[in-house]
Amino acid sequence: MALLPWHNIETVLLDMDGTLLDLHFDNQFWLEHLPQKLALKHGRSLQECKQEMHDSCAEVQGQIQWYCLDYWTEKLDLDIVEAKHEIAHLISLRPDTLPFLDALRASKKKVVLVTNAHPGSLSLKVEKTQLDDHIDELISTHQFGVTKESQLLWQKLQAHLQFDPAKTLFVDDSQVILDAAKAYGIAYTLGISNPDSQKPENELHGHATTNNYMHLLADII
């Protein structure tokens, strides 16, 4: 039995980090690389800087600032874009991403990337992966000033894309964001349980889930 009724899906909205790209880069950047840079800059312990980053992130979690490189550049007094370039070799597509995207395009679905990532992050990742060659439109929620966690974003996104929620699939690795999409009325949601190739799988509830897009390909076309 097919996981999703592909015959009824016209639009596919896709998250980026952890959904199309391996989340290992982002976890490594925020949890290891930045704290190391702060420790060197201020002559403090790595553990202290990790805790400080954790607390700073918790203050703005889910808000646009959490994803905003300008915000973190000012708050930490570090060039965040430059710091990302330092470990950009870790940016990589999930191994199952391109076959999935190509199958969606072949089946005439409208494929749109909708990421909370800052435009600076999005451009760096597109540069490293050529993701834009396989997607109809790339959207950073920063252009709307609000994140996917908010119902306001979904209202603005629908006005922009003119999608039919009853014929739309949204794919993400975040429980909170998947729940927000469902609450808005997106008919089909798919959770990615293995966003980081270096970490154990996550449990997601209330949504269809997969850890490998290859399992879906036979049903799409």
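Trainee: Is Tyr184 buried, partly exposed or exposed?
Mentor: Keep in mind that this is a predicted model. Tyr184 comes out as partly exposed, because its relative accessible area is 22% and buried means under 20%.

Trainee: Where does Tyr184 sit, and in which helix?
Mentor: Look at helix H8, which covers residues 175-184.

Trainee: And which residues is Tyr184 in contact with, leaving aside neighbours within four places in sequence?
Mentor: Those are Gln151, Trp154, Gln155 and Gln158.

Trainee: OK, new topic. How many residues are in the largest nonpolar core?
Mentor: That core has 47 residues, and Trp6, Leu14, Leu20, Leu34 and Leu169 have the most contacts inside it. Helix H1, residues 24-42, gives the most to this core, with 6 residues.

Trainee: What does Leu14 touch, not counting residues up to four places away in sequence?
Mentor: Its partners include Leu20, Phe100, Leu104, Val112 and Val171.

Trainee: Back to H1. At what angle do H1 and H3 pack?
Mentor: About 30 degrees, and their axes are 12 Å apart. H3 is the helix at residues 69-76. Angles under 35 degrees count as roughly parallel, so H1 and H3 are roughly parallel to each other. H1 passes H3 in a right-handed crossing.

Trainee: Which residues make the contact?
Mentor: From H1 you have Trp30, Leu34, Leu38 and Lys41, while H3 brings in Leu69, Trp72 and Leu76.

Key: Residues numbered from 1 in each chain as written. Predicted model: local features only at pLDDT ≥ 70, side-chain atom pairs only at ≥ 80, totals over all residues. Heavy atoms only, no water. Core = buried A, V, L, I, M, F, W, Y, C linked by side-chain atoms within 4.5 Å. Buried < 20%, exposed > 50% of the residue type's maximum accessible area, 1.4 Å probe, protein only. Helix = DSSP H or I, 4+ residues; strand = E, 2+ residues; numbered from the N terminus. Contact = heavy atoms within 4.5 Å. Axes fitted to C-alpha atoms, helices over the stretch in contact; angles between N-to-C directions. Parallel < 35°, antiparallel > 145°, perpendicular 65-115°, else oblique. Left-handed = near helix turned anticlockwise from the far one by under 90°.
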